[in-house]
Amino acid sequence: MFCASAPLLLESDGQEVFLDRVRSTIDAALQPITDIRNGTVHGFEALARNTPALGFPSIAEFFAFAERIGARTEVDHVLYSKAAEKLVAAQKPSDALLFFNLDRRRAAALDETLPALLSSIRTAGLAPSDICIEITEGGEASSIEEPLPTVERLRRLGFRLAIDDFGTGLSGLQALYEWQPDYVKIDRFFISGLERDGRKRLFVSRVVDLAHTLGTKVVAEGVERAEELQACREAGCDLVQGFLVSKPTCDGSELRNVYSIVASLSSKSALQSASSLDNEGVITPLGSIADSTRLSSVVEYFLTHPECSFLPVVDGRSMPVGIIRERDLRSLMQSPFGRDLLKNGSFPLTVRDYVARLPVVDAKICPTQLIEQCAQSIEEGIIVTTDMHYSGFVTSNALLRLAGTIRLRQAQSQNPLTHLPANDAILDFIGRACADNSQEHAFCHLDFNDFKPFNDAYGFHIGDRAIIMFAELLRSEFGSDNAFLGHIGGDDFFAGISGPAEDFEARLIAVRKRFAFAAESLYAPEHRARGYIESKRRDGTLARFPLLSCSVALLHLAAGTHDKTTSEISQELARLKTAAKLSATGLAVEAAGPVAIAINQSVALARAAG
C-alpha cells in the first residue's frame, strides 16, 4: 500500500522518472556502531530515508518496486554515493568503516551490484578496505552456498564482511562457518529484554563464544536501553548499535567520534575482571604484515627467516585479518611454476588470497574466559587486540601454560568438596559489586538448619552428601545464568547477582523447597516417617530436631542507592542470617530503594507458593 499523502509512482512511469525522483528525494542516513566498552566509533551503517515521500510506507516496498522496474542497481548507486560522500564530508575518524547492506539475492548477482558499489566509493575517495558489506541472513538465496563465491570475491577485493540479522534465518551457523565473516550482527529480537531473559542471555553468550573462536567480532544490534547495553557487555559483545547510542541521522554534523552515553555507562560499570590477559605476561609483540602485501614479498620473508612459520595479517587500519602460514605457500616456493607465478606482474597474488582465520581476543579479556573459549581449538595461538587494533600474539605453548596456571589458581580458590569458589572469590565478587553503583545487586547467605545433629547422627560421609546435594541444586537453578555461586565452608553457601534480580529471591526459595524434599532421602525410613531425629544438644541434653532445611538471608541493593564496603555487606548478611534462623519461614529479606516494592511482592508470591 502507498501513502495517500505522497504522489504515487507507477511502474508505467518508467525508470527515468523514478530515478529522477530518487536522486532528488531519497537520502542516506548514518547510524553509529561503537565499541561497547567506551563508545568510540568503529563505523556507521548506511540506511535509506525519505521513502514515504515517494509514496512507499516502508523501505522494503521501495526496494521491491525498484527491483520490479529494473532500477535496483541504479538506486543502490545513488544510496552508496550519498552515504559515502556524507561520511567523507563529516571528517569522522579515518578508520571508521562504512557498513552497506546487501541481501542474499543481490549478493548472488554481484556482477550487477559491484560496479555501482566500486564507482560510488571511489568517487567519494574511499577504498574497499573502508567498507563492510552486511549480507542479510534472512535473504532470498536458495542455499547457503549461493552467496559464497560473492563472499570470497568481496574479501579478495579488500571489503570487510558481516552477517546481518543473525539468528533470524535458517542457516546462520553454517553461514558463520562457511563465510568466515569479520562481524556478526545479532538481531534485535535477541537483544530486546536480554537482561530479563535467561534463554536469550544463553543464546547470545554462546554465539559470542563461537564467533570469537572463529575470529569474528560481535555487534549487538538494536540496543535501546541501558540495561540491554550492560547485558550485551556482560555477554561479551564487542560492538553496539541502536537508539540508545544514536538514532540514524541524515545530518553529517551530528556524527561523533565518541558517543558519551556508552562511555558514561561503561565508566559506571565496575564489574570487570580482577585480572586480564595483558597482566599475565603471555602476549608476544609479534610483527604483522598488511593484507595488501604482494605474496612474492611474503615468500621472500619466509625464505630468509626459516624459523618463522606464520605471520599475523592486518588491514589498512591495523585491524587483524588472520595469519598467513609458511606451509600454505610451499607449493609456490618449491615449484618452478609457482616461482614464475609469483614473478608475474599481471597476476598479482596478495596475502588476502592465503589468509587463515584465528581467534581474536581483547587484551582485557579475563584469562579464565579466554581458556574456556579457545583452549581446545588453537594451533598457532590467538591474535590479541587493543581497542580493536592488533597489539600482539599469544602462542599455543603460552596458552597451554596459562591454562595450567589458571587451573592451579582455581584449585586453590575452590572448596575441595563442592568445587564452588571459596571465600577469597566470594569477597572479590562482593567487593567488585560494591564498587559498581550503576546497577542493582543481590547477595544471599544460605545456611543449613540443624546440620550438626544430623551430622552427629549419620556421620560425616552422609553429611558431605547433603552438602554436595545442595551445591548441585544451586548449580541446576543458577548454573546457566550470570549468578555467582560460592561455598563459604561447612554448610554455609553464597549466591549473588548483579543486574535485574526480580526473580532471584523466588528461585532461592524454590531451591530451599527442593532441598528440604531431596534431603529426606538421606534419612532412615523411621526418621522420615516421624519427621525428626533425636540427638544431643551442645549442653548434652537429648532433644528432637526436624529434618534438614536451609535458611535464606537475602540482601538487595538498588542501583544508585548504595555505598557500602565488603565488610559492611558481610555484617549485614550475618545479621540477616540470624533473623532467618529465627523466622518461621526460614527467610529474611532486606531491600532498599525502588527495587524494594518489586522484591516484597515477589517474596510474598514465593511464600504463598511454598
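This is a predicted model: local features need pLDDT of at least 70, side-chain atom pairs count only at pLDDT 80 or more; totals for chains, interfaces and linings use all residues.
Trainee: What makes β15 and strand β17 (residues 492-498) a pair?

Mentor: Two strands pair if DSSP finds at least two bridges between them. β15 is joined to β17 by 7 bridges, and the two run antiparallel; the count meets the cut-off, so they are called a pair. Residues are numbered from 1 along each chain as its sequence is written, and side-chain values use heavy atoms, with hydrogens and water left out.

Trainee: How many bridges does β15 make with strand β20 (residues 549-557), and in which sense do they pair?

Mentor: There are 9 bridges, in the antiparallel sense.

Trainee: Why is β15 described as largely enclosed?

Mentor: Buried means under 20% relative accessible area, exposed over 50%, and partly exposed in between (1.4 Å probe, protein chains only). In β15 (residues 441-449), 9 of the 9 residues are buried, so the rest of the structure largely encloses this strand.

Trainee: Why are β9 and β11 said to stand at the edges?

Mentor: The open sheet has 3 strands in the order β9-β10-β11, with mixed pairing. β9 (289-290) and β11 (320-325) each have a single partner strand, so one side of each lacks a neighbour in the sheet. Strand β10 (residues 310-314) is joined to β11 by 5 bridges and runs antiparallel to it. Within that pairing, Leu-311 has Ile-324 of β11 as its bridge partner.

Trainee: How do you know that Arg-105 and Glu-67 form a salt bridge?

Mentor: The term requires a side-chain nitrogen of Lys or Arg within 4 Å of a carboxyl oxygen of Asp or Glu. Between Arg-105 and Glu-67 the N to O distance is 2.2 Å, so the pair qualifies. Arg-105 belongs to helix α4 (residues 104-108) and Glu-67 to helix α2 (residues 59-68), so the bridge ties together parts 38 residues apart in sequence. Arg-105 has a relative accessible area of 29%, which makes it partly exposed. Glu-67 is also partly exposed, at 29%.

Trainee: Are Lys-185 and Glu-134 buried or exposed?

Mentor: Both are buried. Their side chains meet in a salt bridge of 2.8 Å, N to O. Lys-185 sits in strand β6 (residues 183-186) and Glu-134 in strand β4 (residues 131-136), 51 residues apart.

Trainee: What about Glu-572 and Lys-564?

Mentor: They also meet in a salt bridge of 2.8 Å, N to O. Glu-572 has 15% relative accessibility and therefore counts as buried. Lys-564, at 27%, counts as partly exposed. The whole structure has 45 salt bridges.

Trainee: How many disulfides does the search find?

Mentor: It finds 0. Cys-237 has its nearest cysteine sulfur, that of Cys-232, at 4.7 Å. A disulfide needs two cysteine sulfur atoms within 2.5 Å, so Cys-237 is in none. Cys-550 is in no disulfide either; the nearest cysteine sulfur is that of Cys-444, 8.0 Å away. Cys-237 is buried at 4% relative accessibility, and Cys-550 is buried at 0%.

Trainee: Which residues have the most contacts inside the largest nonpolar core?

Mentor: They are Leu-98, Phe-100, Ile-133 and Phe-159, in a core of 60 residues. A second, separate core has 39 residues, including Leu-473, Phe-545, Val-552 and Leu-554. A nonpolar core is a set of buried Ala, Val, Leu, Ile, Met, Phe, Trp, Tyr and Cys residues joined through side-chain atoms within 4.5 Å.

Trainee: Which residues are in contact with Ile-133?

Mentor: Contact means heavy atoms within 4.5 Å. Setting aside neighbours within four places in sequence, the partners of Ile-133 include Phe-100, Leu-117, Phe-159 and Arg-160.

How values were computed. Helices (H or I, at least four residues) and strands (E, at least two) are DSSP runs, numbered from the N terminus.
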